[in-house]
Amino acid sequence: PPGFVESSCRSRIFWMKLNKLLLQGKFFQLEINDPYVGPILLDEKLASRCGYVLSEDVWGNPVFRASVLGCHVANEADELFSLTVNIKVSSFSSMRAAVTYTYPMYCSYSAWASREIVCEENYMEVSVKTNVPAVSNDYTVAWLSALPETQNVAYQLWQLMFVSPSGRKRITVSDAAKLGYSFNNTLSRVYLRAPYHSNESDISVVSGVNMNMVTSTSMYRQRWLLLLIDTTVSCPVDGISFTDTTLTWTVPSVIPTLVVQESTFLSKNILMGVDGRVIVNPEEENYLLEHNKTHIGITIPIGAEGGKLKSSISGGVYGVIYSIDLFLEHTWTDADWQMTKYTVIKSITTPFMPQIPTVINNTLPEERLFNVAFGHFLPDVSLVAIAIGNVPFTLREAQHHGFKIYETPFSNRTKGFILEVSFDNLYVLKEYVNRNETKYTLLVNYTLSVGPEMTLYYHSAEVECVIADIELPEAVGYCDEESLYLAIPTYGLHQYWNLYLGNKLLTQHVVLTNGYLAATNSTHLILQIPLFAMGVIYEEVSFQKIKARFDVVLRKVRTMETLQMFSVSCNFNSSAFIICHSDGTIMISAQMKTVPAIDMSKTKLRDSSCKPREYNEGHAFFKFHVTTCGTSVRFEGDHIIYENEISYEKETLPGQSISKITRDPDYRLTVLCYYRAKETLVLGAVARDPSTSPAFGSGTMVPRSNIAVHRRIRQALNVVSRVSKDESFVEFYEPNMAILRRPAEPVFLEVELKDKSPNTELYLENCWVTRSLDFNSTPRWNITVDG
């Protein structure tokens, strides 16, 4: 087919290249078409012995090279050479139903040097002119070592003598062929082709480069002619070094086994080539060709034109390998050989070079768009799948879910993959941070197909962007005659932040148990807090006036960090109230309506020394601590109840006669403060202004008479009380006898009603102990409360 085969003749070598694109999915074989024997299948053993090379160039195209002195090559006067190759192509590995393409190649080469050496990938070859030189007085070591053997040279039969560290070995050409050697002669030349690292070879170090050397003499005897030809050959087997950016190939300038009289050595010409092409001006193509008395060096930048970078995976790591096909042609003269042409063909591949891909964050916060570039990769890498937030997608699925993916070219003939994802995409992680910012996190896992082997490679990346796109809510407060109100935007509630009352999350349960009301509309939560509800802070409390405040704290959902406090504060006019503070302070504004009206200045608590702080005709204002003014305490369930009583002192009314008229108070007001037992109640000295503390307990005021204007008639009852010595109530203490009890010890008290009236019953309410017999003396200690 057109474009299937490309061939040329360079450095007395046939070069043939097959187009890999026309061999995709196919199998092929090469046959050497011998004009006398017919087709001969090319294999490795035949190739090294006959001067053939079958390999691939750096692009993967099959390459066949053959020496013009190789087997099966038609030779016309050492000037015209031809070789015919059969290319068999089949769709099956068994090569059945193969199609055969016959391809003849021709090469013209007449500018032979006295000695030509070719160092190929799989063989070494030396060819020497056989014309008889003038007589010389110089005798080399190799010639002298061969002379004792000359008398044994067979008549009219070529023989080879190898000199190696193990000694001398003389064998026939046919025996040499069995060892992998190939020796023959043409009209004007003899040549020896040797494999690398044979038993007869030796390794020597020349200018730091390991050289594989076969020292041999070809011998032929006919009548009066004895022909001895030096067919020594030496080729470099290493000399490659690498840096991160370059590779260097070093070949010795002078090879002692090939140049016996080094003083007569003169370098004539040095050429380098890439991919079978001679480079006339290496500097123009970014190559460096250097030489001195000891070395010839070719330095190639990794990635330079003519070579190929290939992606690879090693141990799960992405990297590249650079390959380039080089050849070096060195021509020199010396006294022994006149002119030597020395050609070395070398395919060089660098070690695996890790290339950790980079993730470039080009995110556009103002557009709320992640833009992530992922590279740099060679053209043989393709993106096949992607995972966002551990959710896998094919590229088609990713596009469907709002991800935009496309390739972009980079410098140095590399490429990258760009991924664009909106901040608002479902698979982007969102986290509320700081006061008003959101951290958007894009977790990406790339799946790439690498190289012609299509090895899968995985790489994960995490890209973050923090932007201030959250507006903290602003609350609005207002009041009516009985309640405080807070209106708070519902946006972000329970998603970014929560509302707290003190340290309690403001839930529906807390709202209900504290007597609040909560309602929501499309934009706001409206919280109604009655004036005397739990949590209200009384900043100022005075006679008939209250300045109250209610605070709600805005905190982060996860960290509970306080962001803002919302407060509403109002003044209220209230004629009657009771406020129970957490430090035990009780404030009461009591309203008393009696007929006739009483003097409010004479009202008192149980301790008659506790008088109102402010008063007018119908109101009295008291402020006291639960440990004072005769306040009693009792427990009911999970509550502590403190109780006191506001009463009016006995009053003597003026009369017309000598007798006096007295009256009991028309109105008694019981004051109760309820505290939860599990809460902390500070008793004792007030540590802070109670007005700055929220109300801690709830209070009630209970009037003792249903009709305040009715007078209560005094009635003397026959009641006897005594104290028992123990719980048996058999032995009692004498009246007016001092009884000593520790605070934790019980007192066994018996109270008996002696009245015989059937309409009289005994209810024991409050019992207390005082220091005197006065009913109203203080201080007093409660024994029973609401007994």
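Is T331 buried or exposed? T331 counts as buried, at 10% relative accessibility. Buried means under 20% relative accessible area, exposed over 50%, and partly exposed in between (1.4 Å probe, protein chains only). The notes below start from the whole predicted model and return to this residue.

1. **Ground rules.** This is a predicted model: local features need pLDDT of at least 70, side-chain atom pairs count only at pLDDT 80 or more, and totals for chains, interfaces and linings use all residues. Residues are numbered from 1 along each chain as its sequence is written, and side-chain values use heavy atoms, with hydrogens and water left out.

2. **Confidence.** The protein chain has a mean pLDDT of 86, and 87% of its residues reach 70 or more. That score is the predictor's confidence in each residue, from 0 to 100. Over residues 133–141 the pLDDT is below 50, and this stretch has three contacts in the model beyond near neighbours in sequence. Contact here means heavy atoms within 4.5 Å. Residues 704–715 also stay under 50. For them the model has 16 contacts beyond four places in sequence. Where pLDDT is low, the predicted coordinates should not be read in detail.

3. **Overall make-up.** The protein chain holds five helices and 62 strands. Helices (H or I, at least four residues) and strands (E, at least two) are DSSP runs, numbered from the N terminus. Of the 787 residues, 45% count as buried. Take the contacts between residues at least 6 apart in sequence: 61% of them join residues at least 24 apart.

4. **Strand β11.** Look at residues 124–129. Five of the six residues of β11 are buried, so the strand is mostly covered. β11 pairs with β10 (residues 115–119) in the antiparallel sense over five bridges. Two strands pair if DSSP finds at least two bridges between them. β10 and β11 form a hairpin, with four residues between them. R115 has V128 of β11 as its bridge partner. β11 also pairs with β15 (residues 189–194), again antiparallel, over six bridges. There, S127 stands opposite Y191.

5. **A four-stranded sheet.** The order is β39-β40-β44-β43, the sheet is open and the pairing is antiparallel. β39 (476–479) and β43 (517–520) stand at the edges; each has a single partner strand, so one side of each lacks a neighbour in the sheet. The twist averages 15° from one strand to the next. Axes are lines fitted to C-alpha atoms, for helices over the stretch in contact, and angles run from 0 to 180 degrees between N-to-C directions. β40 (residues 483–489) and β44 (residues 524–530) pair over seven bridges. A487 stands opposite I526 in β44.

6. **Two threonines.** T331 lies in strand β27 (residues 317–334). Leaving aside neighbours within four places in sequence, T331 is in contact with S267, K268, N269, M339, T340 and K341. T631 lies in the loop between β52 (619–625) and β53 (632–636). T631 is buried, with a relative accessible area of 14%. Its side chain joins that of N644 through a polar contact of 2.9 Å. Such a contact is a pair of N or O atoms within 3.5 Å; within protein, one must be able to donate a hydrogen and the other to accept it, and residues adjacent in sequence count only if both atoms are side-chain atoms. Not counting residues up to four places away in sequence, T631 touches several others, including R606, F624, Y642 and N782.
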